[in-house]
Amino acid sequence: LLFSLSLSMAVWDLSVTVEDLGADAPPITVSVTSDLHIGGVILKLVEKSQVKRDWSDHALWWEQKQQWLLRTAWTLEKCGIQADAVLIFMAQHKSLRLGLPNGLTLRLRACFSGPVFRTVLGICKMLNIRRPEELSLLRPVEEKKRKKDKDLSEELHDLTEPILTLACFPSYPVSRPCLYNGMPAHFADSLQTEKVYKMLSVSQPAPAPEAIAKLYRPASVVDKAHIHSRWLDSSRSLMQQGVQENDRLWLRFKYYCFHDLEPKYDVVRLTQMYEQARWAILLEDIDCTEEEMLLFGAIQYHINKLSLSEPQTMTSSPAMDDLDSALQGLEVKLDGAESMYFCIRPKRLTLKGYKQYWFKFKDASISYYKSKEESLGEPIQQINLKGCEAAPDVNVAGQKFCIKLLIPAPEGMNEVYLRCENQYSRWMAACRLASKGKSLADRLFQSEVQSILSFLAMQQTNPNTHTDDSMSINTHSLVSPRYSKKYKVKQLTPRILEAYQNVAQLSLTDALLRFLQIWQALPDFGISFVVVRFKGSRKDEVLGIAPNRLIRIDLGVGDVVKTWRYNNMRQWNVNWDIRQVAIEFDGNVNMAFSCVTADCKIVHEFIGGYIFMSTRSREQSDTLNEELFHKLTGGHEAL
């Protein structure tokens, strides 16, 4: 006892580098004992530095262990600190160059000591972006560089001084913020910050075609998977992940579950969401048909015109007040009684075409027969639609009206395509209601039909309409390179302007929401890709991670092999030693895989994050359960 006591009371020297004294300054040596707490070490450092300033934002960084010593009540002995420890006394908040979805780059002060999840909370509070749990940080993809390109420094907008305290102390309220003249008070401090806020909240003109050509464009699903391998770990700090002061990171929407969207308060959020969707389409990160691309181009053209005019206040639209109807109107689900002929294709990207059958819709299920005459007997198959997903697959110009069904099955999800010859809006509406346990007699049926008819009308064009804007349209910034190469400007311009006639009367708010609505209706919306190796398989495959399901995709042909829904998931585990993810579903269905292009922590975080997003409700919209997020996403490193 006397021997251990004498050791704890023994005085020894500890050298600490104080970052603020400069790179050439020698370390400060303080005399300590093993039972001295971290706060006491900091006090000795401050006294010995003889520099009078506010040190409240500073903390000790342990270089060998790559960790912050933030528990100031812990003793050196408890932390495991000995005389050979390399310690740096530095600010916890440092400058960061942040790239936003609209291409704007900000310099701001961000937290380098807390978990990235909390750092994002602080950044979003500063920028007035509600629901920050939907966003995260990732390392940027390098743009193409040519030898003849001039070395131009990027334009930076500095936000390091006026709103420092917001970034440093993110006690983030997710309720409606207080606005002054349409913007948060801290942006009204100067003309410079007002200008930055306008750039955040209003869609910016597209860059020149040569600048667009230098942007990274994924050429394959493997390229897309490599992008998703760049997400930072939400459980660890920026410093722990090798991010240094003035490094460049991207802020992006990571989870495609947009909760509680209110245009009046979500001006920046809505604009940045639109910009992320817009560039995903222009850079071909998500596939769409030619008609959809022209419609996207027309809405962009309309938004650009409105954004260049006098500033408009975002307002709620009666048709768009509810987020679920605004952003999930076309990505929905299936009950009723109706009969007609359909063509059916069992699986996407197979060589087999459509076969015609007589279909009968009744009591949340579809039965199909070889012909109408045989419908009085036993069906070939009866498909229970309750709990399924239905999405439109439409090409109005090509007279293609299909319904894509994802139907729950014990081993995953079965994919079926139905092609309608007529009454498409009624059948699509019936499928939407059926998944919610509602029949054709439900009062919502007619409103669902009208919603689908409005969607179809937007894809129709009127060749007899004329406009004087044909000389002012820049088609290179409105459609992806694939269509810019396929058609000349004089071919694209009239087609975009024809589609523009269907959206020309929309307000800026409604145009942004309509763009997002159609984006969310795309078949590949919200899917993040990771190349994996399934247990027992000898080849690499692709795992698609969507807001409500996991998708197994053949890497060679792009065929969907299997789909599993989260609501059928019983549990998932990660073996951190061999870096393998194992998932168990209802019906004793099990699967396991190791990740090839990303750390398994990224997949674990995606799955846990989407499950966390599904727990949010309007009744609890003013609270953010950070503890639950870390419990679901943190794994063995959960806080």
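Reader: How do you know which residues Lys-535 touches?
Author: Contact means heavy atoms within 4.5 Å. Not counting residues up to four places away in sequence, Lys-535 touches Gln-580, Ala-592 and Phe-593. The C-alpha atoms of Lys-535 and Ala-592 are separated by 5.4 Å, although the two residues lie 57 residues apart along the chain. This is a predicted model, in which local features need pLDDT of at least 70 and side-chain atom pairs count only at pLDDT 80 or more, while totals for chains, interfaces and linings use all residues. Residues are numbered from 1 along each chain as its sequence is written, and side-chain values use heavy atoms, with hydrogens and water left out.

Reader: Why is Lys-535 called exposed, and where does Lys-535 lie?
Author: A residue is buried under 20% relative accessible area, exposed over 50%, and partly exposed in between (1.4 Å probe, protein chains only). Lys-535 has 64% relative accessibility and therefore counts as exposed. Its place is the loop between β18 (528-534) and β19 (541-545); strands are DSSP runs of E with at least two residues, helices are runs of H or I with at least four, and both are numbered from the N terminus.

Reader: Is Gln-241 buried or exposed, and what makes it so?
Author: Gln-241 has a relative accessible area of 12%, so this residue is buried. Gln-241 is found in the loop between α8 (221-228) and β10 (248-253). Leaving aside neighbours within four places in sequence, Gln-241 is in contact with Val-116, Arg-139, Leu-232, Asp-233 and Arg-236. Its side chain also reaches the backbone nitrogen of Asp-233 at 2.7 Å.

Reader: How many bridges link β23 and β24?
Author: β23 and β24 (residues 589-595) pair over six bridges, in the antiparallel sense. Ile-583 is partnered by Met-591 in β24. Three residues lie between the strands of this hairpin, where Gly-587 takes a positive phi near 80°.

Reader: Why are β8 and β9 said to stand at the edges of their sheet?
Author: Five strands form an open sheet in the order β8-β10-β6-β7-β9, with mixed pairing. β8 (135-138) and β9 (157-158) each have a single partner strand, so one side of each is left without a neighbour in the sheet. Within this sheet, seven bridges join β6 (residues 93-99) to the antiparallel β7 (residues 105-111). Leu-108 in β7 is the bridge partner of Leu-96.

Reader: Which residues of helix α6 are buried?
Author: In α6 (residues 191-201), Thr-193, Val-196, Tyr-197, Met-199, Leu-200 and Ser-201 are buried. The buried residues of α6 pack against β7, α4 (116-127), β9 and α9 (267-282).

Terms used. Pairing = 2+ DSSP bridges. Polar contact = N/O pair within 3.5 Å; in protein donor to acceptor, adjacent residues only side chain to side chain.
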